[in-house]
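Open the model in your viewer and keep the selection tool at hand. The tour starts where the chains meet and then moves into each chain.

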Amino acid sequence: MNRRQLLSCTFAIAALMAAPGAALADADRIDVYITGDSNIINFWNNVIKPVYEDAHPEYTLNVVSARNNIAPIVERTMAALGTETDPQVDIFDENDPNLPAGAIEKGLWVDFTEAGLVNYDKINPVTLETDYGLPYRGTQVVLAYDTSKLDPADVPTTWDELVAWMKANPGEFVYNRPDTGGSGGNFVRRAIHEANGRDPSLFQIDNYVEGESDAMLAQGFELLKDIAPYTYGPGSYTADNMQSIQMLAQGVVTMAPVWSDMALNAVNKGVLPETIAFAQLQDLAFAGGFADMTVPTNAGNLDATLKLADIVLSAPIQEKVVTEIGAFPAVAWEHLPAELANKYAALQPASIPTFPGGPWVSAISDGWFRSVAPHVER
Amino acid sequence: MSSVDATPIGAGAKARGAGGRRPIGLLLVAAPVALVLGLIIWPVALSVFDTLTVHGPQGLEFSLEAYRFFFTDGFSLRNLWLTIRVAAICTVLLLVISLPIALYLRFSETRLAGYIQALALFPLFVPSILLAYALIRTLGPNGTVDTLLVAAGLPKMPTPYLTPWGPIIGLVWDNLPLTLLIVLAGLANVSRASIEAARDVGAGSLTILWHIILPRIRGTLLVAASFVILGLFSAFTLPYLLGPAAPEMMGPFMRRTIIEVDDPVQARTQAVVTFALCAVFALFYVRSVARSRREQTS
């Protein structure tokens with residue numbers, strides 16, 4: 001082989017390796033981009049893919065992990081809009097249709113209210129935030145408690161009852177630091193909601209004002225300082241979501257705020273005993289959120305993709321959302337088997353408040369660490 | 001293992017490069033020196049510069065505001081003070097624990113010594129995140145120790161978990177092999193003959209330790225202490241997982257300040273203060289190494 005041949009060979013191989021997507025382009029392939037962790041990728045590969053391919057054998061599902069790098073793929077799809085180019089993306093599993101700004105106005109995303117999905121009407125309305133996103137799995141912070149120490153009939157259902165219960169049972173409640181995990185973080189945010197008239201609309205992504213907003217947060221911190229002497233330790237805060245679950249598992253505390261999917265997983269795997277049950281505050285729930293699927297209007301296989309979206313919202317898959325990944329179903333519980341619905345009835349979200357990120361995150365972390373954490377020295 | 005010397009690996013190469021006549025020696029040190037300059041000295045200089053300047057109306061201005069905030073902020077000072085306290089307690093505990101083990105390993109000739117050495121070096125191979133969760137399982141509330149105590153009819157112990165003692169126990173366990181190796185290396189310099197000579201004239205064990213062994217390994221102990229302290233100041237995983245929310249050690253504090261509080265200037269200020277404290281101990285180390293090299297060459 002002379003030098004020129006070697007060179008052209010190298011180029012050919014490099015070109016092949018650089019463009020596997022283009023080289024293998026396939027009209028019958030549906031490209032699914034996943035933002036979630038490996039459990040979500042496994043869920044699509046092992047649960048959704050076989051069901052879909054059985055129902056529509058003419059198509060194959062190509063599950064691609066995008067992890068935290070979804071923005072360039074969305075940009076690519078946007079760039080292909082209005083051209084003949086196939087963006088090689090049919091569906092995103094978890095994506096905010098408001099990004100990039102203007103995408104909705106340019107008609108990038110399918111409007112699901114007009115897409116004619118059979119299962120669309122079964123969706124629990126509280127989970128719907130936008131017409132351009134299709135919720136299919138959710139998680140929310142709930143209270144996990146040990147039924148061997150606390151009768152389900154006596155479980156607090158409001159913030160005031162919760163505080164009264166903590167004061168009557170000192171050392172039996174633990175929550176983790178707001179910077180290390182959302183279960184403690186959203187417990188702290190619930191206190192802030194409580195101190196501000198239980199009105200989540202007061203907190204928006206763009207309305208943080210230094211000083212003024214800090215005063216609102218400080219009122220929430222006062223409530224937390226009030227309960228600090230009655231928490232585990234007293235005044236000790238676990239370092240992540242999992243440690244709170246472990247404290248519950250070791251019987252150290254009776255109650256802790258937990259992420260619903262983490263806790264359900266822990267119960268399914270036997271990390272948490274069967275005696276653990278869940279409750280949600282009824283005056284205002286803890287914050288949480290749903291993963292929204294989005295479908296670009298220029299998807300190569302738009303009709304087949306909408307059939308896929310319909311299957312993800314079907315009862316068998318939504319049931320698996322609960323049993324396999326421990327998340328909330330997006331469809332209302334009445335469309336799922338009664339047995340399952342009863343088992344997780346207490347987890348049923350009546351509302352899912354949200355709390356914005358951005359500057360609020362740093363204000364809450366700094367404020368909590370400076371005022372609440374040192375309040376009770378152990 | 002006792003052949004491990006406390007002299008840093010780079011020192012020998014550097015000496016040869018400086019004294020060598022061939023340019024190849026200089027070329028060999030050029031790569032590590034460039035790396036240190038580019039990846040450590042330059043970013044550190046940038047950080048220090050950032051903490052000393054503010055954007056004024058006429059561009060960058062010199063300002064000590066970041067340091068004024070740090071040294072008047074009770075919260076930051078408490079975190080710094082806790083870190084110093086934990087580092088001091090850990091260093092004392094490490095020296096007190098590793099000295100008897102090292103003495104035993106140096107002067108014992110039984111087969112048991114080999115096993116004890118393997119056991120003492122075991123923590124070297126355990127990632128600290130595993131250690132943290134294992135400690136929660138054993139020393140945490142209702143952990144293995146509590147279960148044993150209750151089985152024996154004794155009350156449960158007050159758990160170190162989520163108190164400053166949590167990271168202290170973890171850090172001592174984690175740093176034991178390093179300290180032990182350094183002390184062992186120092187003990188290699190103590191000849192058996194000198195101990196036997198002392199014993200012949202009637203010196204007791206404590207007298208031998210105090211008058212024969214300790215003076216010979218004083219430099220080594222200083223080196224061990226400075227090494228351990230440098231590691232403790234930058235410790236993150238164990239203080240983060242086992243320590244209290246407040247006060248927190250500098251490692252978790254710096255991470256939280258830059259990631260959660262989103263205040264890079266304060267995070268850098270915290271880093272520079274920590275760095276300055278560590279530099280004092282690094283100076284001890286460098287001086288001790290320099291002195292022992294002088295003694296060897298003279």
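Start between chain A and chain B, where 2 salt bridges cross the interface (a side-chain nitrogen of Lys or Arg within 4 Å of a carboxyl oxygen of Asp or Glu). This is a predicted model, in which local features need pLDDT of at least 70 and side-chain atom pairs pLDDT 80 or more, while totals for chains, interfaces and linings use all residues; side-chain values use heavy atoms, without hydrogens and water. Residues are numbered from 1 along each chain as its sequence is written, with chains lettered from A and ligands numbered from 1 in the order in which they are written.

Select R370(A) and D73(B): their side chains form a salt bridge at 2.9 Å, N to O. Now show the whole interface, where 26 residues of chain A are in contact with 28 residues of chain B (heavy atoms within 4.5 Å). About 2300 Å² is buried between the two chains, 49% of it on carbon and sulfur atoms (accessible area, 1.4 Å probe, lost on putting two parts together, summed over both). Q250(A), F369(A) and R370(A) supply 24% of the area chain A buries here, more than any other three residues.

Next, select the strands β2-β1-β3 of chain A, an open sheet of 3 strands in that order with parallel pairing (strands are DSSP runs of E, at least two residues; helices are H or I, at least four; pairing needs at least two bridges). β1 (residues 29-34) and β2 of chain A pair over 6 bridges, and V32(A) has V63(A) as its bridge partner in β2(A).
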